[in-house]
Amino acid sequence: MSNRRTGLILDFGGVLTTPLLPAVLAFEQREGLPQGACLTALYKDEEGVRITSDLERGAVSQAEWNEFAGKMLGVPADNLMGRIFGDLRPEPLMINAAAAARRAGIQVGILSNSVGLAPWDLYDGYELERLYDVVVISEQHLLRKPDPELFEITLKLMDLPAEECVFVDDTEAYVQAAEQLGVTGVHNQDPRQTVAMLSELLGVDLAAS
């Protein structure tokens, strides 16, 4: 492609990790909850949506969220976030693609909505500060995707214009928010397909070992 793209911005959960939904469904099964209980309590209930958004912005702590969500679901609050996402694993195709992009001279940033950093740290073991050029965790900026300002902060830290960047997220609304700023968006639904799309957009074979 004639327009050289020099920046790649990646969501974390569901992009650099295995998908979120299977992990949540496995948690529900372990806890004896009906399928969809978490979605209903935390993403469809008005108060659940509010406190989860506040968590992502850093307005409430993970411990406070655990207490609220535990009551909503009727399960113990102890390390609830860690239990919900306990089955998440690294997604090697995307992690390797990000490394290949960096080797090719492309800046790679992380832009992630936080789920709190304690008592359970979603990012533990992924060496984000070492392996990526810029790391933006929403709670540290008191914002959350899809707030435009959070994307703008990321672009500023990468020192790149929106038109030179590609953004990957497993949430379509966040991809659309990035596109409204002029960033090329990729909705991650299948890692192989995403890597192929990024290879074309960036002009680099990101699947090569």
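**Notes on helix packing, backbone and selected residues**

1. Glu127 is found in the loop between strand 2 and helix 7. Helices are DSSP runs of H or I with at least four residues, strands are runs of E with at least two, and both are numbered from the N terminus. Strand 2 covers 107-112 and helix 7 covers 128-131. Glu127 is not a glycine, yet its phi is positive, at about 50°. Its relative accessible area is 43%, so Glu127 is partly exposed. On this scale buried is under 20% relative accessible area, exposed is over 50%, and partly exposed is in between, with a 1.4 Å probe and protein chains only.

2. A word on the basis of these notes. This is a predicted model, in which local features need pLDDT of at least 70 and side-chain atom pairs count only at pLDDT 80 or more, while totals for chains, interfaces and linings use all residues. Residues are numbered from 1 along each chain as its sequence is written, and side-chain values use heavy atoms, with hydrogens and water left out.

3. Asp159 lies in the loop between helix 8 and strand 4 (165-169). With a relative accessible area of 67%, Asp159 is exposed. Most residues other than glycine have a negative phi, and most peptide bonds are trans.

4. Next, the cis peptide bonds. The bond from Ala118 to Pro119 is cis, with omega near 10°. Pro119 sits in the loop between strand 2 and helix 7, where Glu127 is also found. The bond from Lys145 to Pro146 is cis too, with omega near 15°. Pro146 belongs to the loop between strand 3 and helix 8.

5. Arg144 is placed in that loop as well, between strand 3 (134-137) and helix 8 (148-158). Arg144 is buried, at 13% relative accessible area. Contact here means heavy atoms within 4.5 Å. Beyond its neighbours within four places in sequence, Arg144 is in contact with Ser53, Glu56, Arg57, Asn113, Ser138, Leu150 and Tyr174. Asn96 is 48 residues from Arg144 in sequence, and the pair is 26 Å apart in space, C-alpha to C-alpha.

6. Helix 3 (residues 46-57) packs with helix 4 (residues 62-73). Their axes come within 10 Å and cross at roughly 165°. That makes helix 3 roughly antiparallel to helix 4, the class for angles over 145 degrees. Axes are lines fitted to C-alpha atoms, for helices over the stretch in contact, and angles run from 0 to 180 degrees between N-to-C directions. The crossing is left-handed, meaning the near helix is turned anticlockwise from the far one by less than a right angle; right-handed means clockwise.

7. Which residues of helix 3 and helix 4 meet? Helix 3 brings Glu47, Gly48, Ile51, Thr52 and Leu55, and helix 4 brings Gln62, Glu64, Trp65 and Phe68. By class, this contact of helix 3 with helix 4 has four nonpolar, three polar and two charged residues. Ala, Val, Leu, Ile, Met, Phe, Trp, Tyr, Cys and Pro count as nonpolar, Asp, Glu, Lys and Arg as charged, and the others, Gly among them, as polar.

8. Helix 4 also packs with helix 2 (residues 37-44). The angle is about 125° and the axes are 10 Å apart. Ala37, Cys38, Ala41 and Leu42 of helix 2 make the contact with Trp65, Phe68, Ala69, Met72 and Leu73 of helix 4. The residues of this contact divide into nine nonpolar, no polar and no charged.

9. Two cysteines deserve a look. Cys38 is buried, with a relative accessible area of 4%. Cys165 is buried at 0%. The count of disulfides is zero, taking a disulfide as a pair of cysteine sulfur atoms within 2.5 Å.

10. His187 lies in strand 5 (residues 184-187). At 26% relative accessibility, His187 is partly exposed. Not counting residues up to four places away in sequence, His187 touches Asp169, Asp170, Thr171, Glu172, Val175 and Thr194. Phe167 is 20 residues from His187 in sequence and 8.5 Å away in space, C-alpha to C-alpha.

11. Last, Ser199, which is in helix 10 (residues 191-202). Ser199 is buried, with a relative accessible area of 15%. Its contacts, leaving aside neighbours within four places in sequence, are Val204, Asp205, Leu206 and Ala207.

Note on methods: Parallel < 35°, antiparallel > 145°, perpendicular 65-115°, else oblique.
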